[in-house]
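This report goes through one structure by its loops, its nonpolar cores and its helix packing. The sequence and the structure come first.

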Amino acid sequence: MILVTGSTGKVGGHLVDALKTKGAPFKALARSDASARALEARGVAVVRGDLTDATSLKAALRGAETLFLLSSASRFDGVEIAAIEAAKASGIRQVVKLSALGARADGVSPLLRAHGRIERVLEESGLAFTILRPSFFMQNWVAFYSEGIKAGQPVYVNAGDARLGWIDTRDIADVAAAALTGPGHEGLVYELTGPESLSYDDVTGRLGKLLRREVTYVSVPDAAAFQAMKGMGLDTWYAYGMVALYQGVRKGDADVTTGSVELVAGHAPRTIEAFFQENLKAFGA
């Protein structure tokens, strides 16, 4: 039995579909009644609980042998480290953790350092583990930029002209499903990217061609990006973490592509054009 956390998010939601397709036994952790109802409507076995609530997490882990670990908490390292400790105490044998490309103890961003700390605890836990380090999500274009693009506004990011190996979260979910259900993944770290490394200029140009209108990108100073994220309600730690993450991007940290999706999931990663074709209505087509 697999326990899936983050089951209604960009990766977890697709992972639920992938596990259903495989016919794998699993249950999904739901933090709210609304999330539980949405999952149950899709035919998913649901257990109520929260990674930040030790009692409910212990109950959720009961009967599971494998954990897919993903937290949406702002300061997620303490939450996930506690979950690893709870998993070990509950008899979990394997943990598949969603991390991030560039995660390491001396990472440029506190977000990457936090993932690095969690990875180290997991590696030293004695549990079988697999770590997934994806690049930036294609789905972020819909989540963060689609409304502005629909209104004819530029995309504002402090990324300069750096290139990123954008990945579709469905491909991440397919790799996760393979690691959760198949042998041979223990002790491995998979760096996951799409098929191309593309700048924000590249991506807006391709989207503009599909929309048959201009879509522009404006590289903004770090301070402006920081204030904008604070204005969106992000706490200071997370906003700084995102700004610093893009400082690393400008140094080339995300300018990489790998063959890990095809190697593990058995299919080529989706292209940015394929993703946009499926989501053109979100951008005002």
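Leaving aside neighbours within four places in sequence, which residues is Asp-50 in contact with?

The model is predicted. In it, Asp-50 has contacts to Leu-29, Arg-31, Ser-56 and Leu-57, once neighbours within four places in sequence are left aside. Asp-50 sits in the loop that runs between strand S3 (46–48) and helix H3 (54–61). Its relative accessible area is 22%, so Asp-50 is partly exposed; the cut-off for buried is under 20%. Leu-29 is 21 residues from Asp-50 in sequence, and their C-alpha atoms are 7.3 Å apart.

Thr-8 is placed in the loop between S1 and H1. With a relative accessibility of 51%, Thr-8 counts as exposed, the threshold being over 50%. Beyond its neighbours within four places in sequence, Thr-8 is in contact with Gly-13, Ser-35 and Leu-39. Thr-8 and Leu-39 are 31 residues apart along the chain, with 7.8 Å between their C-alpha atoms.

## Helix H1 and what covers it

Helix H1 spans residues 12–22, and its buried residues are Gly-12, Gly-13, Leu-15, Val-16, Ala-18 and Leu-19. After H1 comes Gly-23, with a positive phi near 70°.

## Nonpolar cores

The largest nonpolar core has 61 residues, and the members that touch the most others are Trp-141, Ile-149, Trp-166, Tyr-200 and Tyr-246. Helix H10 (residues 236–250) supplies the largest share of this core, 7 residues. Apart from this core lies another one, of 33 residues, including Ile-2, Val-11, Ala-24 and Ala-179. In soluble globular proteins, nonpolar side chains tend to be buried together.

Trp-166 can be described through its partners. Neighbours within four places in sequence aside, Trp-166 is in contact with Ser-135, Phe-136, Phe-137, Met-138, Trp-141, Thr-193, Gly-194, Glu-196, Leu-198, Tyr-200, Val-203 and Ile-272. Of these partners, Trp-141 and Tyr-200 are also among the core members that touch the most others.

## H6 against H8

Two packed helices are described by the angle between their axes and the distance between the axes. For helix H6 (residues 140–150) and helix H8 (residues 200–211), the angle is about 60° and the axes are 14 Å apart. This angle makes H6 oblique to H8. The crossing of H6 past H8 is right-handed.

On the H6 side the contact is formed by Trp-141, Tyr-145 and Ile-149, and on the H8 side by Tyr-200, Val-203, Thr-204, Leu-207 and Leu-211. By class, this contact of H6 with H8 has 7 nonpolar residues, 1 polar residue and no charged residues.

Helix H9 (residues 222–231) and H10 cross at roughly 145°, and their axes come within 9 Å. H9 passes H10 in a right-handed crossing. From H9 the contact takes Asp-222, Ala-225, Phe-226, Met-229 and Lys-230; from H10 it takes Thr-236, Ala-239, Tyr-240, Met-242, Val-243, Gln-247 and Arg-250. By class, the contact of H9 with H10 has 7 nonpolar, 2 polar and 3 charged residues.

Helix H5 (residues 110–123) packs on H10 at an angle of about 100°, with 7 Å between the axes. H5 and H10 are therefore roughly perpendicular to each other. Pro-110, Leu-111, Leu-112 and Ala-114 of H5 meet Trp-237, Tyr-238, Tyr-240, Gly-241, Met-242, Ala-244 and Leu-245 of H10. The contact of H5 with H10 divides into 10 nonpolar residues, 1 polar residue and no charged residues.

Phe-76 belongs to helix H4 (residues 76–89). Its relative accessible area is 6%, so Phe-76 is buried. Leaving aside neighbours within four places in sequence, Phe-76 is in contact with Ser-71, Leu-111, Ala-114, His-115, Ile-118 and Trp-237.

Most residues other than glycine have a negative phi. Arg-212 is not a glycine, yet its phi is positive, about 60°. Arg-212 lies in the loop between H8 and strand S11 (217–219), and is exposed, with a relative accessible area of 79%.

Conventions
Residues are numbered from 1 along each chain as its sequence is written. This is a predicted model: local features need pLDDT of at least 70, side-chain atom pairs count only at pLDDT 80 or more; totals for chains, interfaces and linings use all residues. Side-chain values use heavy atoms; hydrogens and water are left out. A nonpolar core is a set of buried Ala, Val, Leu, Ile, Met, Phe, Trp, Tyr and Cys residues joined through side-chain atoms within 4.5 Å. Buried means under 20% relative accessible area, exposed over 50%, partly exposed in between (1.4 Å probe, protein chains only). Helices (H or I, at least four residues) and strands (E, at least two) are DSSP runs, numbered from the N terminus. Contact means heavy atoms within 4.5 Å. Axes are lines fitted to C-alpha atoms, for helices over the stretch in contact, and angles run from 0 to 180 degrees between N-to-C directions. Angles under 35 degrees count as roughly parallel, over 145 as roughly antiparallel, 65 to 115 as roughly perpendicular and the rest as oblique. A crossing is left-handed if the near helix is turned anticlockwise from the far one by less than a right angle, and right-handed if clockwise. Ala, Val, Leu, Ile, Met, Phe, Trp, Tyr, Cys and Pro count as nonpolar, Asp, Glu, Lys and Arg as charged, and the others, Gly among them, as polar.
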